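Hello,

Here is the structure I promised to pass on to you. Have a look at it first, and then read on for my notes.

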Amino acid sequence: MSELRWHPLLREWVITATHRQERTFLPPADHCPLCPTKPGGFPTEVPEPTYEIVSFDNRFPSLHREPPKPAVEGSELCPVRRAEGVCEVVLYTPRHHGTLTDMPVDHIEKLIYVWTDRFEQLSKLDFVKYVFIFENKGKVIGVTLEHPHGQIYAYPFIPPRIERELESALIHHRERGSCLFCDLLRFELDDGRRVVAANESFLAVVPFYARFPYEVHITPKRHLGALTDLSAEEKRHLAELLKVVLLKYDNLWGISMPYMMVMHPRPSDGHEYEHFHFHIEFYPPHRTKDKLKYLAGSESGAGTFINDTLAEEKAEELRQAPPVTDETGSLIEPLREL
Amino acid sequence: MSENEAKGKVERVARTDRWVMYRRCEVKEDGRRIIYYSFEDVKKADTKQSLDLEEPGV
């Protein structure tokens, strides 16, 4: 069963998707449903014997192109809607082992082009209001399939987190006549203490208001709303900066750093949103090598995060993690692969 | 041409100075869509196009 239930206290939709309880859970490598289908082997999600990058409709989607009837009837107080939308799984590589961090910059660049095309194509669907590209990495995040992959949710509404960011950006623009994100970029560049990495087109920082100890935001220096607005050069620069940030995460403690990577573009509902500014956010759950930050009472019950660390100190740690960068975000030594 | 209309066809959807990106949409037995992205060296792709050869399989 799958439906949207309105949460009247928070004024947002909750997706129920009961069939997801049965989704594939950490299968062995030789039964990976995301690997190509070997000749004579069991059929995977990809019928071809090989592929480069693939995106497919999730077998256990939270949202459906042709949604089923809701399990319950809603009411005026608690409306219910069909869970219309699209859920895709993006397979980064046909190789089972490895992570986005291991991939060459050239491949990450190709993935950015795929993400861009998916964003563009899904945005055209008239029932889609927001295209959300993300990656959950690591068992501690709750990943159920190890094969390197990400997901795309094309929602029939603007999600609450994005609504809040839009509202903040609009208020700031009305009060100051400038883009909130552009002003934050200048704030961080002028300060320098929270800069992790940067290049000609993008800045990566542990934000002043980080909620996770090693949270990183990647923001384009040019004011733009979505991946589709990036030039070819900017896409290349994004691939290079992603590689640097991902390497730093893994080199911090010599572990494959779990994280949630989320992209925040403008909505796809046909309105302009000129005051919004595309950015990417990383939420690694680790607060030390061996300890996790949990979303406990204050975070989950009151919506107020408690960060046990200082953003400036965590940014310095990340700058010192290879490839080493300075307070302008520049690489101390060129990245060999680049 | 939209994705929906182009099922099974290989479409050239992006290009850099190094490669061309193609997209092919298929429908699986259970009705779910799968989209294959492939990449070809730009010189090879341009040569094929100028000779009006069939697009590569993906």
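Predicted model: local features only at pLDDT ≥ 70, side-chain atom pairs only at ≥ 80, totals over all residues.

Glu316(A) is partly exposed, at 33% relative accessible area, whereas Arg319(A) is buried, at 3%.

Over all chains, the search finds 33 salt bridges.

Arg194(A) and Glu188(A) meet with N and O 2.8 Å apart. Arg194(A) is buried, with 0% relative accessibility, and Glu188(A) is buried too, at 4%. The side chains of Asp191(A) and Arg193(A) form a salt bridge at 2.7 Å, N to O. Here Asp191(A) is partly exposed at 24%, and Arg193(A) is partly exposed at 43%.

Now to the place where the chains meet. Chain A brings 24 residues to the contact and chain B brings 20. Together they bury about 1900 Å², of which 51% is on carbon and sulfur atoms. On the chain B side, Arg32(B), Tyr37(B) and Phe39(B) provide 31% of the area buried against chain A, more than any other three residues.

There are five salt bridges between the two chains. One pairs Glu48(A) with Arg24(B), where the closest N and O atoms are 3.3 Å apart. In chain B, the strands β1 (10-15), β2 (19-27) and β3 (33-41) each give at least two residues to the side that touches chain A. The largest share, seven residues, comes from β3(B). Sorted by class, that side of chain B holds nine nonpolar, nine charged and two polar residues.

Strand β3(B) also pairs with a strand of the other chain: β3(A), residues 53-57, runs antiparallel to β3(B), with four bridges between them. In this pairing, Ser55(A) has Ile35(B) as its bridge partner.

As for chain B itself, one helix and three strands are present, in the order β-β-β-α from the N terminus. Of its 58 residues, 43% are buried. Among contacts in chain B with a separation of 6 or more, 24% involve residues 24 or more positions apart.

Finally, take a look at strand β10(A), residues 216-220, where five of five residues are buried. Val216(A), Ile218(A) and Pro220(A) lie on one side, His217(A) and Thr219(A) on the other, and both faces are covered. Strand β9(A), residues 202-205, runs antiparallel to β10(A) and is joined to it by four bridges, with Ala204(A) opposite Ile218(A). Strand β12(A), residues 279-283, is also antiparallel to β10(A), through three bridges; there, His217(A) stands opposite Glu281(A).

Notes:
Residues numbered from 1 in each chain as written. Chains lettered and ligands numbered in written order. Heavy atoms only, no water. Contact = heavy atoms within 4.5 Å. Buried area = accessible area lost by both parts, 1.4 Å probe. Salt bridge = Lys/Arg side-chain N within 4 Å of Asp/Glu carboxyl O. Nonpolar A, V, L, I, M, F, W, Y, C, P; charged D, E, K, R; others polar. Pairing = 2+ DSSP bridges. Buried < 20%, exposed > 50% of the residue type's maximum accessible area, 1.4 Å probe, protein only.
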